[in-house]
Amino acid sequence: MTTQKNDSSPTNSAIVADYRARTGGSAALYERARKVLPSGITHDARYLDPYSIHVSRAVGPRKWDVDGNEYVDYFGGHGAMLLGHSHPAVIEAVKRQMDLGTHYGSSHELEVRWAELVCELIPSAEKVRFTASGTEASHMAIRLARAYTGKDKIVRFVGHFHGWHDTVAAGATSHYDGTTTPGVPQDVADLTILMPADDVGAVVKLIESRDDIAAVMFEPSGASWGQVPLPQGFIQAVRDVTAKRGVVMLMDEVITGFRWSSGGAQKAFGITPDLCILAKIVAGGLPGGAVAGKREILDLIDHAATTAAKREKIAHPGTFNANPLSAAAAVTALSLLRDEDLAEKANRTAAELRRALTEVLVEEGIAWGIYGQSSTFLIYPNPTGEKIDPANFDPLKLGFAKLKGARSGPLAGKIRMGLMTHGVDVMGSPGGFVSATHGAAEIEKTVHALRQTVRALKAEREVKAA
């Protein structure tokens, strides 16, 4: 990660200078923010050197910053806004609930309907427990798997992200060798068996040879919503060996849930895990997460079931579990997803976008790659100078170290600022999420923004034409 500079720092980059010239209001807010917020931000993914934009409103596939600049938005609420921003039905549902109460501290009908929809849509969901975030869901799912199996070890994969709690910190965004991160004892990190995902045979052999594994946890997209795709046959091989060995298969569907299909990646791939975790879209764009899966596993937090089985119940409080406002948004959003096939609409648009962006690279002679799954897209800016034909880009040929390990840095920041100067906001990968409200106009604007950005990068000798 680069060192964050003050807005007054000089720059020789026209891209950075143009960005600063357009975003004076965001620069002023950053100066206020950095006095009270670490790095002036509230989420690491919002970091940008010299500063990130500050947004004032968002509707559909667009958003506007405090300087009045309009952007085609591919941040998508970190993947939560599959329906687009400020969907009228979701807004109306939340407004209606506001008048009825924001937090009862009691059970309510909306949480029941929310759970019914999750169980209806997600193949593995025989029961569900709501949390306030994906990280909380990740934490609870691991605890459930350990209690259910009576074993301690969790198999995870290099670069796969499952939240920020201690058990899943090492190897997600750094420390890919499995050593611990600051603040997490090595003894905690050692409860994870961190494996590369590019050799499923080694994973199968590991699971077959050990008796201390509680769960195998992974993103079905591959690391970080598909930055490093999984090799063909990976998920089925893991399903087969975990079922054989009595190990919990724990699928992290925080991003893929309801996006890869209305029933998540598990429905799209036809492979049902024992447990899954959900967040983002599951709460309709408001805060919320969930653990869903086999009844006998979720029953470990059930009062009657644990009493009957003479087992100690796992405690699970949570002040904002199934908050009425989140439940109102969720019931509306999931009903729309079920009835209007919105995931497929976003998937089709994203496929068109990926094709169009690839054409830009081919026409401009840029040895980068465009790839992605479902309603996502990723730009591989080739930081290590690989020989790449953008028309036939295969990310699996590059491997983890190049696809994710060498991804961040000043070039990625310039790509983002260049795109923003031309009215497109993407995540730091760089890449982003397509919603069901994106369409031809957004694709056209994004194509123009990428073309102008790569030309500016050529002018600054950041990239060379092939």
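Predicted model: local features only at pLDDT ≥ 70, side-chain atom pairs only at ≥ 80, totals over all residues.
Residues are numbered from 1 along each chain as its sequence is written, and side-chain values use heavy atoms, with hydrogens and water left out.

**Stop 1**

Switch to cartoon and pick out the open sheet of 7 strands, ordered 4-10-9-8-7-5-6 with mixed pairing. Helices (H or I, at least four residues) and strands (E, at least two) are DSSP runs, numbered from the N terminus. Two strands count as paired if DSSP finds at least two bridges between them. At the edges sit strand 4 and strand 6 (192–195), each pairing on one side only. From one strand to the next, the twist averages 20°.

Now select 153–157 and 213–218: these are strand 5 and strand 7, running parallel and joined by 3 bridges. Val155 stands opposite Val216 of strand 7.

**Stop 2: helix 5 against helix 14**

Two packed helices are described by the angle between their axes and the distance between the axes. Select helix 5 (109–121) together with helix 14 (residues 324–340): their axes come within 9 Å and cross at roughly 35°. The crossing is left-handed, the term for a near helix turned anticlockwise from the far one by less than a right angle. Show side chains and look for contacts (heavy atoms within 4.5 Å). Helix 5 brings residues including Trp114, Leu117 and Leu121, while the helix 14 side includes Ala327, Val331 and Leu334. Overall, the contact residues divide into 11 nonpolar, 2 polar and 4 charged. In this scheme Ala, Val, Leu, Ile, Met, Phe, Trp, Tyr, Cys and Pro are nonpolar, Asp, Glu, Lys and Arg are charged, and the others, Gly among them, are polar.

**Stop 3: the second largest pocket**

A pocket is an open set of points on a 1 Å grid over the protein atoms alone, with protein on both sides within 12 Å along at least five of seven lines; a cavity is a set where a 1.4 Å probe fits but cannot get out; lining residues have an atom within 4 Å of a point. The pocket holds about 400 Å³, a volume being the space filled by probe spheres set on the points, which are joined across faces, edges and corners. Its lining has 20 residues, with Ser107, Glu111, Phe130, Asn321 and Ala322 nearest the centre. By class, that makes 8 nonpolar, 10 polar and 2 charged.

**Stop 4: the cavity**

Which residues lie nearest the centre of the largest cavity? Select Asp73, Gly76, Met81, Ser435 and His438, part of a 13-residue lining. The space inside is about 60 Å³.

**Last stop: the three-stranded sheet**

Strands 11-12-14 form an open antiparallel sheet. Select strand 12 (residues 376–380) and strand 14, which pair over 3 bridges, with Leu378 partnering Gly431.

Key
Axes fitted to C-alpha atoms, helices over the stretch in contact; angles between N-to-C directions.
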